[in-house]
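Open the model in your viewer and keep the selection panel at hand. The tour visits charged pairs, then helix contacts.

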Amino acid sequence: MKEHDNLPLNDFIEYPTAEMLARSEQFYQQVKRRHSIRSFSDRPVDKRIIENCLKAAGTAPSGANHQPWQFVAIENPEIKKQIREQAEFHERGFYEGRAGEEWLEALKPLGTDASKPYLEHAPWLIAIFSQKRGGLNKDDDKTNYYVHESVGIATGFLINALHNAGLATLTHTPKPMSFLNKICQRGEHERAFMLLIAGYPGEDASVPEHATNKKALNEIATFL
């Protein structure tokens with residue numbers, strides 16, 4: 001393929017307006033059922049489901065199509081234990097004052113603390129890394145562009161794919177996250193972006209009422 005060759009758009013599906021409206025409403029109703037939970041069952045989840053969701057995440061748009069992300073899907077109990085130990089160590093410092101009073105006050109309605117048992121109980125942890133350098137091909141060593149934007153979009157794709165598959169999720173960002181590089185054996189050119197927990201809800205899973213308070217359309221969107 002030449003550098004500027006284009007392929008015809010042959011997989012786009014156009015729907016009648018009425019169907020478009022119905023599909024957009026159906027998607028909204030589905031995605032609004034996605035909640036961040038902090039109690040996960042240890043029931044196993046077929047690896048093929050995770051693979052399909054990661055493939056969906058990999059279709060996200062990215063700067064220059066460099067796809068500057070790496071997903072490390074973790075099922076191994078020993079590795080999950082290491083991650084929990086390190087995450088809780090850093091989280092204790094966070095909750096004991098490093099976060100600052102305003103941040104801790106904002107977290108109170110969610111009832112979070114330094115204890116993260118779900119990091120061991122959930123069947124899958126997905127560590128998401130951003131890459132400063134890389135490129136389209138495996139051995140490329142080029143500057144990546146719009147890295148955080150690109151990885152953020154791919155992470156959104158992944159969360160929706162997992163939810164669509166029937167799994168619960170939680171986004172987790174321990175501070176600092178550099179320990180994930182060592183545990184997951186990632187190089188210096190990569191930076192831990194987020195830790196995503198995925199699995200079935202535990203029997204005692206709940207949703208903080210505070211988290212169900214979503215801004216109205218007129219508060220988040222402007223039409224000109």
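The structure holds eight salt bridges. A salt bridge here is a side-chain nitrogen of Lys or Arg within 4 Å of a carboxyl oxygen of Asp or Glu. This is a predicted model: local features need pLDDT of at least 70, side-chain atom pairs count only at pLDDT 80 or more, and totals for chains, interfaces and linings use all residues. Residues are numbered from 1 along each chain as its sequence is written, and side-chain values use heavy atoms, with hydrogens and water left out.

**Stop 1: E120 and R84**

Select E120 and R84. Their side chains form a salt bridge at 2.9 Å, N to O. E120 lies in helix α5 (residues 118-121) and R84 in helix α3 (residues 77-98), so the pair ties together parts 36 residues apart in sequence. Helices (H or I, at least four residues) are DSSP runs, numbered from the N terminus. E120 is partly exposed, with a relative accessible area of 31%. The cut-offs: buried is under 20% relative accessible area, exposed is over 50%, and partly exposed lies in between (1.4 Å probe, protein chains only).

**Stop 2: E105 and K108**

Move to E105 and K108. This salt bridge spans 3.2 Å, N to O. E105 is partly exposed at 45% relative accessibility. K108 is exposed at 57%.

**Stop 3: R186 and E190**

Now pick R186 and E190, a salt bridge at 2.7 Å, N to O. R186 is partly exposed at 27%.

**Stop 4: α2 against α6**

Show helix α2 (residues 47-57) and helix α6 (residues 147-165). Their axes come within 8 Å and cross at roughly 145°. Axes are lines fitted to C-alpha atoms over the stretch in contact, and angles run from 0 to 180 degrees between N-to-C directions. Next, display the contact residues (heavy atoms within 4.5 Å). α2 supplies I49, I50, C53, L54, A56 and A57, and α6 supplies A154, F157, L158, A161, L162 and A165. They divide into twelve nonpolar, no polar and no charged.

**Stop 5: α1 against α6**

The axes come within 11 Å and cross at roughly 85°. The two helices are therefore roughly perpendicular, a label for angles of 65 to 115 degrees. Select F27, Q30 and V31 in α1; they meet N160, H163 and N164 in α6. This contact divides into two nonpolar, four polar and no charged residues.

Notes: Ala, Val, Leu, Ile, Met, Phe, Trp, Tyr, Cys and Pro count as nonpolar, Asp, Glu, Lys and Arg as charged, and the others, Gly among them, as polar. Angles under 35 degrees count as roughly parallel, over 145 as roughly antiparallel, 65 to 115 as roughly perpendicular and the rest as oblique.
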